Amino acid sequence: NSDAPLRPTHPLALAPVIAPPASVDGFVKQFLANLNFDQGVSLSASDANDQYLALAGTVRDYLMARWLEDQTRQREQQAKTVCYLSAEYLLGKQLDNNLLAARLGEIATEALAQCGISMDDMREVEVEPGLGNGGLGRLAACFIDSLATMSVPTIGYGIRYEYGIFRQTFVDGEQVEQPDAWLQMGSPWEFPHPEAAQTISFGGRTETYDDKGVTRTRWIPDWNVLAVPYNMMVPGYHNGRVNTLRLWRAVATNAFDLRIFNSGDYEESVRAQTFAENISKVLYPEDSTPQGKELRLQQQYFFVAASINDFLDNVLLEGFDLNNLPDRVIFQLNDTHPVIAVPELMRVLVDERGMEWEDAWAITQKCFAYTCHTLLPEALEVWSVDLLGRLLPRHLEIIYRINDEFLDEVRERFGDDMMRIRNMSIIGEHPYRSVRMAYLATVAGAKVNGVAELHSQLLRDKVLHEFAEMYPDKFTNVTNGVTPRRFIRLANPSLASLITEALGAGWTVDLERLRGLEALAEDPEFRERFAAVKAANKRHLSDVLQRRDGVTIDDSHLLDVMVKRLHEYKRQTLKVLHIVTEYERIISGTVAAADIQPRTFIFGAKAAPGYAMAKRIIHLINSVASVVNNDPRVEGSLKVVFPPNYNVTLAESIIPAADLSEQISLAGKEASGTGNMKLALNGALTIGTDDGANVEIRQLVGDDNFFLFGMTEPEVEALWAKGYKPADFYQADPQLRAAMDLIASGEFSGGDRTVFEPIVSNLLYDDRFMVLADYASYIEAQAQVDLAYADQDAWTRSAILNIARCGFFSSDRSMRDYLDRIWHARPLL
Ligand code: 73E
């Protein structure tokens with residue numbers, strides 16, 4: 001009962017956290033302790049899941065000292081922090097990544113062996129957190145890996161979805177979605193912090209009040225939920241640093257329960273709990289086409305309000321002068337999904353912290369930057385004013401004021417040009433009154449970037465051209481990148497060893513060093529070793545697919561890979577038309593099966609559950625596969641493989657085995673692509689259009705090592721402008737006609753002509769993505785591929801040159817570009 005606070009005196013309590021000894025014995029001891037004390041089982045009674053959870057716990061224990069030290073270091077230094085705001089993080093499995101970062105791979109494998117456990121069995125047990133749809137979510141995961149590896153103080157903020165991207169199964173060739181209960185068997189990589197929960201409000205109304213002669217506004221919300229943070233470690237590679245990924249989970253507040261509980265309605269109070277917890281229940285499975293659902297806006301506000309307030313309340317030191325906020329933080333907006341953070345920061349600064357509007361706005365404009373990931377008009381997020389005003393009335397008022405002042409600025413600059421004002425207004429009036437989130441982000445952000453050179457150019461020239469005219473200095477480009485740790489070192493260990501042997505180990509954090517492989521491409525012995533690695537990777541993939549789906553692939557085949565979300569603009573149908581063309585040439589006797597270059601086509605693709613055309617295309621691919629694979633006339637020289645549930649884990653087996661990378665979107669539609677980079681860095685040659693980052697890949701690897709086809713973006717525009725008639729292309733090309741007619745005939749649908757009729761009609765009469773216009777050029781380029789592959793040694797040389805020249809596509813380089821051009825933050829010393 002003394003007034004003096006109790007202070008630690010025991011030497012252990014004063015010491016920093018100590019990691020367990022980095023030895024096999026040390027690992028075994030810690031592992032068994034975790035198995036016994038955390039899982040509550042003996043080794044002899046444990047099953048694989050117990051062992052996996054204890055193993056993960058052990059790896060965590062080794063990283064813990066660094067994590068806690070980094071938190072202290074970041075607190076002490078108060079350096080500018082990158083807060084990456086993203087609704088998606090497609091992390092992939094954690095175990096191998098964290099073992100690699102902590103240099104524990106060999107020790108752990110040996111320690112497990114001494115406990116009678118195989119590391120491969122542990123890898124099998126792990127489920128990947130699929131908290132993202134595709135490229136955008138995986139990009140966020142690559143970025144936080146690079147930032148940790150570069151020692152940049154970063155917090156990744158996002159949502160802890162209880163169900164990630166659905167698990168895809170095929171029933172009679174059609175996609176059926178299953179919930180992804182990734183948390184079901186335990187989740188050893190996260191640390192919940194209920195004590196650090198934020199209360200997030202919704203609904204209600206606003207009112208003004210007098211505050212010592214000043215009129216202020218306050219928000220009287222109608223309901224609240226708790227946002228509980230779950231922290232995950234983001235270890236840097238071999239640098240002793242560990243950053244934090246903080247994902248928010250929605251939980252009902254006590255107050256919420258109590259209000260209804262006091263009214264005596266117990267059942268209603270339980271229902272209310274479910275309602276609140278719905279917010280972080282499930283990831284929206286639409287990639288590129290947001291549906292404008294209320295729950296999605298709830299998710300967006302939920303996580304950004306929690307994140308901003310977490311940063312202000314818990315990361316900043318007490319008494320921090322908010323006028324200096326831009327020196328302390330940058331909030332990077334990963335597409336428009338987190339843009340409601342802009343009015344939230346304004347609300348906090350003005351309504352809660354009593355700042356003047358003008359001061360708050362000046363600060364806000366320096367604290368945000370916006371990355372746009374798309375060009376498709378239907379992907380540009382808008383929220384109806386109705387919905388937004390109902391859910392977030394104060395935020396809508398703030399958006400209106402931002403817009404009023406912005407439009408004043410436009411008038412001042414360009415005069416009273418009604419069309420310009422309508423075009424640039426953050427509020428759209430047609431077909432209904434709505435908030436254009438990309439415009440809000442552009443007005444508020446210090447910088448706006450696209451994700452590849454061509455994409456950034458088209459943003460400036462088309463999608464946001466009036467904004468680029470007004471704020472030319474805002475616009476910049478940062479070409480995407482991928483982490484070489486996961487996508488080379490972990491996914492392709494044989495290639496990684498070969499490179500390390502040739503160039504030393506430094507390439508993993510300095511990918512431009514891959515240039516050193518250029519000379520080796522001329523060395524016949526190195527080429528032979530590289531070809532052996534590729535063949536071994538194909539056999540490994542075959543083993544994986546055999547175990548997973550009961551299918552195999554032949555390592556003598558050219559492996560032709562198209563893995564990405566199913567979307568019409570990506571043109572999986574063009575790939576199908578190529579396969580059907582080859583098949584038709586065989587069965588019509590135009591070529592002998594024995595005379596063609598044997599190929600295996602691999603697809604990986606999920607379709608948004610509500611996207612009927614995409615699902616029909618999946619059905620078509622599976623149907624073509626089953627006919628082609630079972631036709632004896634093909635003599636096994638064509639094979640189509642479509643393993644269900646393509647995810648990060650499967651990508652890690654497919655990409656290292658690939659010979660050919662299909663990047664065949666209509667020019668001007670794919671913002672960047674990142675699969676294209678992963679495949680090139682694993683020695684696949686690209687067949688691709690002049691789109692997204694393909695443009696930069698081709699510039700770097702050279703025309704001799706890239707199969708270019710199709711219209712350029714200006715050619716696409718010109719054809720549209722003159723009036724595109726896909727049926728004319730069908731009429732004019734007998735080969736195309738034969739392929740389309742074969743699909744229309746019911747050949748792939750047991751004689752039923754109706755099944756794929758919508759695909760055929762769409763191509764003939766609509767074909768928004770100009771598949772038929774690019775068909776001839778694509779088929780010609782594929783013939784070049786066959787010719788090139790016939791000279792195996794020359795192909796191998798090209799593959800090595802692809803790797804040697806693609807070091808630019810490391811996400812470490814992307815992070816340096818963001819740091820230099822946008823964030824102006826620095827690594828921590
Ligand atoms: O080109 C890709 C790009 O490589 C682009 O389509 C993708 O982002 C990748 C990373 O920059 C993307 N995803 C979305 N928009 N662009 C999106 C939109 C709404 C919901 C989910 C994802």
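Two strands are said to pair if DSSP finds at least two bridges between them. Strands (E, at least two residues) and helices (H or I, at least four) are DSSP runs, numbered from the N terminus.

Good morning, colleagues. The structure above is a predicted model, in which local features need pLDDT of at least 70 and side-chain atom pairs count only at pLDDT 80 or more, while totals for chains, interfaces and linings use all residues. Residues are numbered from 1 along each chain as its sequence is written, and side-chain values use heavy atoms, with hydrogens and water left out.

I begin with an open sheet of three strands, which follow the order 15-17-16 with antiparallel pairing. Strand 15 (382-384) and strand 16 (427-428) are its edges, each pairing on one side only. Strand 16 is joined to strand 17 (residues 434-436) by two bridges, and glycine 428 stands opposite serine 434 there.

How many of the five residues of strand 1 (residues 81-85) are buried? Five of the five are, so strand 1 is largely enclosed by the rest of the structure; buried means under 20% relative accessible area, with a 1.4 Å probe and protein chains only. In a regular strand, side chains alternate between the two faces of the sheet. Here Thr81, Cys83 and Leu85 point one way, and Val82 and Tyr84 the other.

Strand 1 pairs in the parallel sense with strand 13 (residues 329-334) over five bridges, and four bridges join strand 1 to strand 4 (residues 154-159), also parallel. Tyrosine 84 stands opposite glutamine 332 in strand 13, and its bridge partner in strand 4 is glycine 156.

Finally, the helices. Axes are lines fitted to C-alpha atoms, for helices over the stretch in contact, and angles between N-to-C directions run from 0 to 180 degrees. Helix 21 (residues 493-503) and helix 23 (residues 524-549) pack at about 160°, their axes 9 Å apart. That makes helix 21 roughly antiparallel to helix 23, a term for angles over 145 degrees, whereas 65 to 115 counts as roughly perpendicular.

The second pair is helix 25 (residues 612-630) and helix 32 (residues 757-765), whose axes come within 9 Å and cross at roughly 115°. Helix 25 is therefore roughly perpendicular to helix 32. Where do they meet? Met613, Arg616, Ile617 and Leu620 in helix 25 are in contact with Pro758, Ile759 and Asn762 in helix 32, contact meaning heavy atoms within 4.5 Å.

Technical notes:
Parallel < 35°, antiparallel > 145°, perpendicular 65-115°, else oblique. Buried < 20%, exposed > 50% of the residue type's maximum accessible area, 1.4 Å probe, protein only.
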